[in-house]
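Welcome, and please load the model in your viewer. We will go from stop to stop, selecting a few residues each time.

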Amino acid sequence: MDITMVDCLNSNMVRQFMCATQLAAINFKVKMENSGDELCDELYLKYVQLIQNESNEGPFYKHYILDNNISNKLTESVITIQESTSIVSQGTTGLCTWQAGIALSCWCLKNQDILKGKFILELGCGTGLSGISACINCSPSEYWFTDCHSAVLNTLQHNIQINATHHKFNCKFDVVKLSWNDIEDLKMFEEKKPDLVLAADVIFDDTMFEPLCSSLRYFTTNNTTEIILFCTLRNSETYIKFLATLKKYDLQFTQSVLPENYSIVLQQDCPIYIINVKQNAVMSK
């Protein structure tokens, strides 16, 4: 484990975007000490080097290693994401990566056959972790990142750029401003609808349930588009209200709970539900 951590901290990408790494190094040292373990000399030296850099100004970055196959090429799996340290920033929650987004990223890696060769549309893509990972690892034919907030889309463009310098994106991709409230935005899909629609942590605001479900119903009209939503259960009343809105819009669905310990990078403090919306699915009770 020591050598793995040192390799990560020596990664060119991690060293280039250091702020979140400093915090991670401090937290890692505290956890080691609390458990009664000691840092090896090489790792302790790297820790000292990191905390000596006293820059506390943004922007801030997190580094994700989503590949469960630990190997000598571990650092090649690092995906760097610029994020806000606040839950709400610039009037949106889309500038930080949420647990369901990390879960979706892990799910994509475990289900690459489902994504391969598909035209994929992500709703409310936020900082872009799921989509960037999918573009690098899962070989879809095309991937569209969509969101409605300009600050989110600007951050997303930056995250794509910094990861494209270290990884090959194995598909066409586009960044598109898409509002669920504007039916005119959906007309761009009249000639070509996606094979798969993905979204994560998009049901926290119940005022957006009807526009979201209206958009989802639009994509189910061709009987071929599959829709998969990842939803963290923070408030059971909100979740039940969303399921009721799906039914109101005549959307059939199945739901399942993500297994515990699904990935070592995922903190599952709350249940994460996977909702599959498809024209011919069995209605879930």
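Predicted model: local features only at pLDDT ≥ 70, side-chain atom pairs only at ≥ 80, totals over all residues.

Now pick Cys 138, which is in no disulfide either; the nearest cysteine sulfur, that of Cys 108, is 5.4 Å away. Cys 138 is buried, at a relative accessible area of 2%.

**Helix 7**

Next, select residues 129–137, which make up helix 7. Eight of these nine residues are buried, so the helix is largely enclosed by the rest of the structure. Among the buried ones are Leu 129, Ile 132 and Cys 135. Just after the helix, look at Ser 139, which takes a positive phi of about 55°.

**Aromatic pairs**

The structure holds ten aromatic pairs. Show Phe 209 and Phe 242: their ring centres are 5.3 Å apart and their planes are at 70°, so this pair is edge-to-face. Phe 209 lies in helix 10 and Phe 242 in helix 11, so the pair ties together parts 33 residues apart in sequence. Both of these Phe residues are buried.

Move on to Tyr 239 and Tyr 273, a tilted pair with 4.8 Å centre to centre and 35° between the planes. Tyr 239 is in helix 11 and Tyr 273 in strand 9, 34 residues apart.

**Last stop: a charge over a ring**

Finally, select Lys 193, whose charged end sits over the ring of Tyr 218, 4.2 Å from its centre. Tyr 218 also belongs to a cluster linked by ring pairs, together with Phe 119, Trp 144, Phe 189 and Phe 219.

Technical notes
Residues numbered from 1 in each chain as written. Heavy atoms only, no water. Disulfide = S-S within 2.5 Å. Buried < 20%, exposed > 50% of the residue type's maximum accessible area, 1.4 Å probe, protein only. Helix = DSSP H or I, 4+ residues; strand = E, 2+ residues; numbered from the N terminus. Phe/Tyr/Trp six-rings, centres within 6.5 Å; stacked < 30°, edge-to-face > 60°. Lys NZ or Arg CZ within 6 Å of the ring centre and 35° of its normal.
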